[in-house]
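Colleague: Could you take me through this structure step by step? I would like to begin with the metal sites.

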Amino acid sequence: MQIQLQKIRKPLFLAMFAIFFTACASNEVIVDTQNTAKKIVQSNSFTQYKDDFIENLWKQNPGWALYSGYYKYDDKLNVPSALNRISDLQDTKDALIGLQKFDPKNLSAVDVTDYFIIENALQSSIWYTEKFKSFEWNPSSYNVAGAFGLILNTEYKSLDERLRTISTRMQNIPDYYAAAKENITTPTLEHTQLAIQQNQGALGVFGDSLKSKVAESGLDAGEQKKFDARRRASIEAINSYITWLQSKEEALKATDSARSFRIGKELYSQKYQYDIETEYTADEIYALALQEKERLHLEMIKISHSLWNKYFSTPKPNDELIMVKQLITEISKEHTQRDNFVSAVRDQIPALVAFVNDNDLLDQDPSKPLVVRETPEYQRGIAGASINSPGPYDPGANTYYNVTPLDNYDEAGAESYLREYNDRMLQILNIHEAIPGHYTQLVHANKSPSLVKSILGNGAMVEGWAVYTERMMLEQGYGDNEPELWLMWYKWNMRVVMNTILDYSIHTLGLTEADAMDLMINQAFQEESEAKGKWRRATLSSVQLTSYFTGYKEIYDFREERKAALGAEFNLKDFHNEFLSYGSSPVKYIKNMMR
Ligand code: ZN
Ligand code: ZN
């Protein structure tokens, strides 16, 4: 049920991140030229800086490069050893010094935001290595499967060539896992268990189906033999890592010596700044989320009072939140059938396109239609929906809206899922994922000439935009202001608000699992299974869950600010088009540019 945006799935941290800063292009040589000339010259060398920055980013993160559609280093698997980490850290510090030779005041609008995005990436990489140090305590950060699966399943060159690439790339797998064991000194129990589970899954990539692919391929006998030896060594290395983790897990339990998954207030506040890049502090966004929760409750109660008699002949419960919950449950019974789920999504898209056009909400690009499809088998985890975008190096490729059919559910599971994504909620999901949410934002972002923004896209802006569009569409009259649709949206939005409250409270205030479950089930009207999943996610990650609310709050408040400032001059379509023209930048920079 997790909604994921494939494009921004990047490694948890940029520890493998380094710049060999060579071009050291400073503006000292042109001191006495006039200002415009200076701008141009500096801008040219800043372009060079950015090119080097990205090239070295890929050199140091070949797996991430693959996810971005950059295949030059596809046969490289870097070993996460202490030695490499120290040298990467030094390179990152050098790159920061190199960057700070440029004066943002002399850069163009696009470059200024790029400058700050790169600066944040470098500073954050240093912070992750020196302070956050998840390489010591998060065993699940070590897993080689994803990139191998991607090479196998992406037809960027012939299958034979990809198999040869895989063969080369497998050579470092034993060293990779040996380094992982060296690094892990203070694991949490939760990340240890996750790592065991995920690496067991990783074995599948190197199993019989890979073996038979090689057997049927054009690789000659010698190549095949070499391939198989490396494949076996890979399986052995992964198995040995799993066994090692399993004994770690036993020891942690026996001695009760695991590191807490709660990262604590100090790390949390810092991580919030690096990951979200907002003007708010973590404390402020938490306070705002608490306030918003109260506002949403009041609105939901108001609607529920007005709708009650339409759905029930019994008297209203005395507890108003119970009244809301009962009404939501009742309205959720209006849903599509399990066999129709994917087509129900597909059928809704044209109405969304038309509504955006008819109401002049923002520009769309008919030459880049959204393709709704069943999620390919190899991408299926739990059921869900996600946008699979082409990435910065292949902007012409199709954008897919992956929707996972409910094949793997039993009757009760499917019914519960369909009630969650009932007729009204499904429309909100489609606004969020597709039009004018993630898909539309990505189309605009791909028009932005900045590779930096395409690659280091700000998650809070991306998620915030999608959440913002849900409310914007309803406010513009999508669904004819139907109270049922609004009620569902409030419930959906409450999840976003609750994510922030939970994440902050769990990591900095010691919120217990029982209290968290109570909050989600009784105040945010979530099902127990969903709440359990959310608890687990909040124990395995930090800060990311706040990105939705932070970005949404920033964008919505900024629009209101512009409306007030411009009065009759304010035009919603212009606001949206300009807002999206800066690509996936942190909202605080977009605000500066637009002001
Ligand atoms: Zn039903
Ligand atoms: Zn989203």
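Colleague: How are the donor residues of the zinc ion (ligand 2) spaced in sequence?

Modeller: Please keep in mind that this is a predicted model. The donor residues of the zinc ion (ligand 2) follow the spacing H-x5-H-x24-E.

Colleague: Which protein atoms are the donors of that zinc ion (ligand 2)?

Modeller: They are NE2 of H432, NE2 of H438 and two OE atoms of E463. These donors lie 2.0 to 2.7 Å from the zinc ion (ligand 2).

Colleague: Why is the arrangement around the zinc ion (ligand 2) irregular?

Modeller: The angles subtended by the four donor atoms run from 51 to 153 degrees, and the arrangement is therefore irregular. A tetrahedral site would need all angles between 85 and 135 degrees. For reference, the ideal angle for four tetrahedral donors is 109.5 degrees.

Colleague: Is H432 buried or exposed? And what about H438?

Modeller: H432 counts as buried because its relative accessibility is 4%. H438 is buried as well, with a relative accessible area of 1%. The cut-off for buried is under 20%.

Colleague: Turning to the zinc ion (ligand 1), which residues coordinate it?

Modeller: The zinc ion (ligand 1) is coordinated by H335 through NE2 and by E415 through two OE atoms, at 2.0 to 2.6 Å. H335 sits in the loop between α14 (320-331) and α15, whereas E415 belongs to helix α16 (residues 411-420), so the pair ties together parts that are 80 residues apart in sequence.

Colleague: How accessible are H335 and E415?

Modeller: H335 counts as buried at 14% relative accessibility. E415 has a relative accessible area of 30%, which means that E415 is partly exposed.

Colleague: Now the helices. At what angle do α15 and α17 pack?

Modeller: Helix α15 (residues 341-358) and helix α17 (residues 423-433) pack at about 60 degrees, and their axes are 10 Å apart. The two helices are therefore oblique to each other, and α15 passes α17 in a right-handed crossing.

Colleague: Which residues meet there?

Modeller: From α15, F341, A344, V345, Q348 and L352 take part. In α17 they meet D423, L426, Q427, N430 and I431. As background, an α-helix has 3.6 residues a turn, so residues three or four places apart point the same way.

Colleague: One last topic: why is helix α6 largely enclosed?

Modeller: Helix α6 (residues 145-153) is largely enclosed by the rest of the structure because seven of its nine residues are buried. Those buried residues are A145, A147, F148, G149, L150, I151 and L152.

Colleague: What do the buried residues of α6 pack against?

Modeller: They pack against α2 (62-67), α7 (159-170), α8 (173-183), α9 (189-203) and α10 (208-215).

Note on methods
Residues numbered from 1 in each chain as written. Chains lettered and ligands numbered in written order. Predicted model: local features only at pLDDT ≥ 70, side-chain atom pairs only at ≥ 80, totals over all residues. Heavy atoms only, no water. Donors = N, O, S within 2.8 Å, 3.2 Å for Na, K, Ca; no water. Tetrahedral: all angles 85-135°; square planar, octahedral: opposite > 155°, others 65-115°. Buried < 20%, exposed > 50% of the residue type's maximum accessible area, 1.4 Å probe, protein only. Axes fitted to C-alpha atoms, helices over the stretch in contact; angles between N-to-C directions. Helix = DSSP H or I, 4+ residues; strand = E, 2+ residues; numbered from the N terminus. Parallel < 35°, antiparallel > 145°, perpendicular 65-115°, else oblique. Left-handed = near helix turned anticlockwise from the far one by under 90°. Contact = heavy atoms within 4.5 Å.
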